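Visitor: Hello! I am new to this structure and would like to learn how to read it. Could you walk me through it, step by step?

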Amino acid sequence: MYKEIGLCCPICRLPLTQDNRRLVCRKNHSFDFARQGYINLLPVQNKHSLAPGDTAAMLHARRSFLDSGLYLPVSNALCERITKYARGNILADIGCGEGYYTAQTEKNCGCRCIGIDIAKEAAKMACARSKSIVWAVATASKLPFEDGSADIVTAVFSLFMNDEYARILRSGGIVIEITAGNDHLRELKELIYDEVFVQNKQPSPCGSQFAAVEQTEETFRFTAEGELLQDLLLMTPHAHRIKSGRGDPFEGKDRLSLTADIIIRVLRKK
Ligand SMILES: C[S@@+](CC[C@H](N)C(=O)[O-])C[C@H]1O[C@@H](n2cnc3c(N)ncnc32)[C@H](O)[C@@H]1O
């Protein structure tokens with residue numbers, strides 16, 4: 001199961017092979033599968049805090065919100081680009097969170113998926129999304145993949161790691177990145193901040209290892225109601241930026257009509 005996807009040891013970079021309930025390299029670095037089915041490929045030396053990445057509260061809020069289907073247009077935008085541009089089907093989803101988009105790409109595009117997140121709770125939760133996806137705790141700055149082993153890298157509201165993505169992709173492989181545009185969740189920001197500054201949000205420069213294939217901005221409207229409003233707030237960084245004493249931004253509201261504004265960028269490795 002693990003052979004064709006080219007996982008490598010996060011310590012010495014030698015290939016990992018499966019030995020029963022663990023993955024092991026020739027130098028005998030070994031990594032056990034957790035009870036839930038994920039594999040922890042984040043050695044302490046690659047960890048810069050005790051519990052890196054999103055918190056359990058953020059992850060659970062994101063799961064409830066995404067399961068509502070309100071972000072289906074985001075998933076559709078991602079899957080359309082995979083269908084249009086990808087050749088080959090080994091897909092590494094970096095910063096996969098609780099696994100919603102990874103599972104969607106497996107279901108809709110038939111990709112052989114590996115979901116990577118630095119938060120252990122994310123990998124734990126993601127296991128419930130699909131048993132055939134490989135879920136791993138690892139850092140995007142030192143990805144546990146052999147050079148040229150992936151056909152597709154996806155990063156949805158996640159990180160862009162120029163050199164690592166170029167290293168793990170084979171020549172002709174693609175990155176599909178989805179980031180928030182200027183207007184993303186504008187109505188939520190207006191409830192939280194005294195003034196909403198217009199930033200010219202753009203994806204980070206892609207460097208000389210990639211050729212730009214497409215960059216498109218798409219917007220859609222959706223209405224969040226009841227508990228989904230709190231879920232939406234909690235899954236964003238805005239929840240931590242609410243000034244103390246400001247109170248509940250949704251006071252007196254049980255629904256909110258919102259704008260989603262996403263930038264979809266596709267890059268091809270030269
Ligand atoms: C905004 S969330 C997006 C999650 C998912 N892609 C989605 O849209 O539902 C970003 C994710 O990146 C993870 N993350 C943050 N830093 C990371 C790193 N250095 N390596 C891998 N994952 C990281 C977080 O734990 C979090 O789950």
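Guide: Gladly. Let us begin with a term: a helix here is a DSSP run of H or I with at least four residues, and helices are numbered from the N terminus. Please keep in mind that this is a predicted model. As a case, Ala56 belongs to helix 1, which covers residues 56-67.

Visitor: Is Ala56 buried, exposed or partly exposed?

Guide: We count neighbours: 20 or more other C-beta atoms within 10 Å make a residue buried, and 12 or fewer make it exposed. Ala56 has 14 other C-beta atoms within 10 Å, so it is partly exposed. In the protein, 40% of the 270 residues count as buried.

Visitor: How far is the C-alpha atom of Ala56 from that of Ala119?

Guide: The two residues are 63 positions apart along the chain, yet their C-alpha atoms are separated by 8.7 Å. For the protein, residues 24 or more positions apart make up 67% of the contacts with a separation of 6 or more.

Visitor: How many helices and strands does the protein have, and how compact is it?

Guide: The protein has seven helices and 11 strands. Its radius of gyration is 19 Å, close to the 18 Å from the globule rule for 270 residues, so it is as compact as a globular protein of that length.

Definitions and conventions. Residues are numbered from 1 along each chain as its sequence is written. This is a predicted model: local features need pLDDT of at least 70, side-chain atom pairs count only at pLDDT 80 or more; totals for chains, interfaces and linings use all residues. Helices (H or I, at least four residues) and strands (E, at least two) are DSSP runs, numbered from the N terminus. The radius of gyration is taken over C-alpha atoms; the globule rule is 2.2 Å times the number of residues to the power 0.38. Two residues are in contact if their C-beta atoms, placed from the backbone, lie within 7 Å.
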